[in-house]
Amino acid sequence: MNPEIKQRIEQLRRGEVPEEYQKSSFGIFPSNWNVYTVGECLQRVEKPVDVNPNELYTQIGIRSHGKGIFYKDAVIGSTLGKKAVFWIEPNCFILNIVFAWEQAVAKTTLAEIGMIGSHRFPMYRPLNNTVDIDYLIFYFLTKRGTDILEAASPGGAGRNRTLGQDRFLKSKIVLSPIGEQKRIAAILTAQDKLIELKEKRLAEKQRQKKYLAQQLLTGKKRLCGFTKGWKTVELRDVFNYIQPTPYLVKTTNYDSAYKTPVLTAGKTFVLGYTNETNGIFTKVPVIIFDDFTTASKYVDFPFKAKSSAMKILTIKDGFNIIFAYEAMQLINFTVGEHERHWISKYSYLTIAVPDLDEQNAIAEVLSTADREIALLRQDIEQEKQKKKALMQLLLTGIVRVTACH
């Protein structure tokens, strides 16, 4: 880190005011930055739609966490009733003022022309060249910005939305000069594009791995050197199962500083971390299986379990656990009644398996793909942390962005 920036950070931590900075009730920030009300920066834009009951209208919505606008299905005018709607205009700041906890802010573009928004999503245009909308989007994703949205929110549907808009416009924000805003927005936008590019690469890697798994695990594609026939076996002949009771976590006082993960077979996977030292399952790798939903996860690290509605599956001799796990992911099983499935139904389902050598080879190919995916995920997370750090440094003025000459 630049020594000057490092020194500035240390000064700010001590509550000291660096040279060319000022101190106010909003904290310490550069002396050429100013405090404005939102209403001094933004002007409400609303062009009402004279709704034709026989015409189709495409509505917009706003994704949370600054991820932009999405398009809802077109609706016939007669279904709108007396709902107040307005035409979307380009280059405007738009937000969800009703459900502010969604942190829903976005910038309208030419693509939204001819679509409609509702009073749930008030729309504003920059006023007096004081604010750059792209900068404002990032600002309202900071702690200060989300606090403003939360305070301005009327609390939910059916409340007085005008009060929320009034409070929003009276909220105070600290802004750098417009030129610096644009440069900051350009840096953060470039970081967003980099993250998006890597996320697309990740999605492609995941698609490739899925296709490869479907080919290799069904025998449609054979690895070089393997020609022996495959056999069909029931899952109960592939796995033993263990009840999770001795390994259940006793409290939910989780903390990321603790060592042992508490797992579920569902989408969340890691519920948290516990400091409990007894009843940790260590004989990995295993597969954890949700007895009600039939969701499963491969686990190769020590853990504790949260739910008794889980089976811990261990592999039997003659089978590769990674191969068997991946084969399970291809099973098309419809969950019916709320019942435990492993013993009654699921363990009787079948998978096709080659000899152990071919299982091992296929497992290694798929594991290599998983490692590449994991590295990409790690890379994306690092880029997201970099963006978070950039926002903290740039939007507070700790790091200044000067014009290029």
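In the predicted model, the lining of the second largest pocket receives at least two residues from each of H7, strand S21 (296–299), helix H8 (321–329) and H9. The greatest contribution is that of H9, which provides six residues. This pocket has a volume of about 970 Å³. Its lining comprises 20 residues, of which Lys-209, Tyr-325, Glu-326, Asp-370 and Arg-377 are the closest to the centre. Divided by class, the lining of the second largest pocket contains nine nonpolar, three polar and eight charged residues.

The largest pocket has a volume of about 1,600 Å³. It is lined by 46 residues, and those closest to its centre are Phe-138, Leu-141, Asp-192, Lys-387 and Met-391. Two or more lining residues are given by each of strand S2 (27–30), strand S8 (69–71), strand S12 (105–107), helix H4 (133–139), helix H5 (143–152), helix H7 (178–216) and helix H9 (356–394). The largest share of this lining again belongs to H9, with seven residues. The lining of the largest pocket consists of 19 nonpolar, twelve polar and 15 charged residues.

Strand S11 (residues 93–95) and S12 run antiparallel and are joined by three bridges. Within this arrangement, Leu-95 is placed opposite Val-105 of S12.

The loop between strand S10 (85–87) and S11 contains Glu-89. When neighbours within four places in sequence are left aside, the contacts of Glu-89 are with Val-45, Lys-47, Thr-108, Ile-113, Met-123 and Arg-125. With Arg-125, the side chain of Glu-89 forms a side-chain polar contact of 2.5 Å. By comparison, Ile-280 lies 191 residues from Glu-89 in sequence, and the two are 58 Å apart in space, C-alpha to C-alpha.

Note on methods: Residues numbered from 1 in each chain as written. Predicted model: local features only at pLDDT ≥ 70, side-chain atom pairs only at ≥ 80, totals over all residues. Heavy atoms only, no water. 1 Å grid on protein atoms, 1.4 Å probe; cavity = no way out; pocket = protein on both sides within 12 Å on 5 of 7 lines; lining within 4 Å. Points joined across faces, edges and corners; volume = space filled by probe spheres on them. Helix = DSSP H or I, 4+ residues; strand = E, 2+ residues; numbered from the N terminus. Nonpolar A, V, L, I, M, F, W, Y, C, P; charged D, E, K, R; others polar. Pairing = 2+ DSSP bridges. Contact = heavy atoms within 4.5 Å. Polar contact = N/O pair within 3.5 Å; in protein donor to acceptor, adjacent residues only side chain to side chain.
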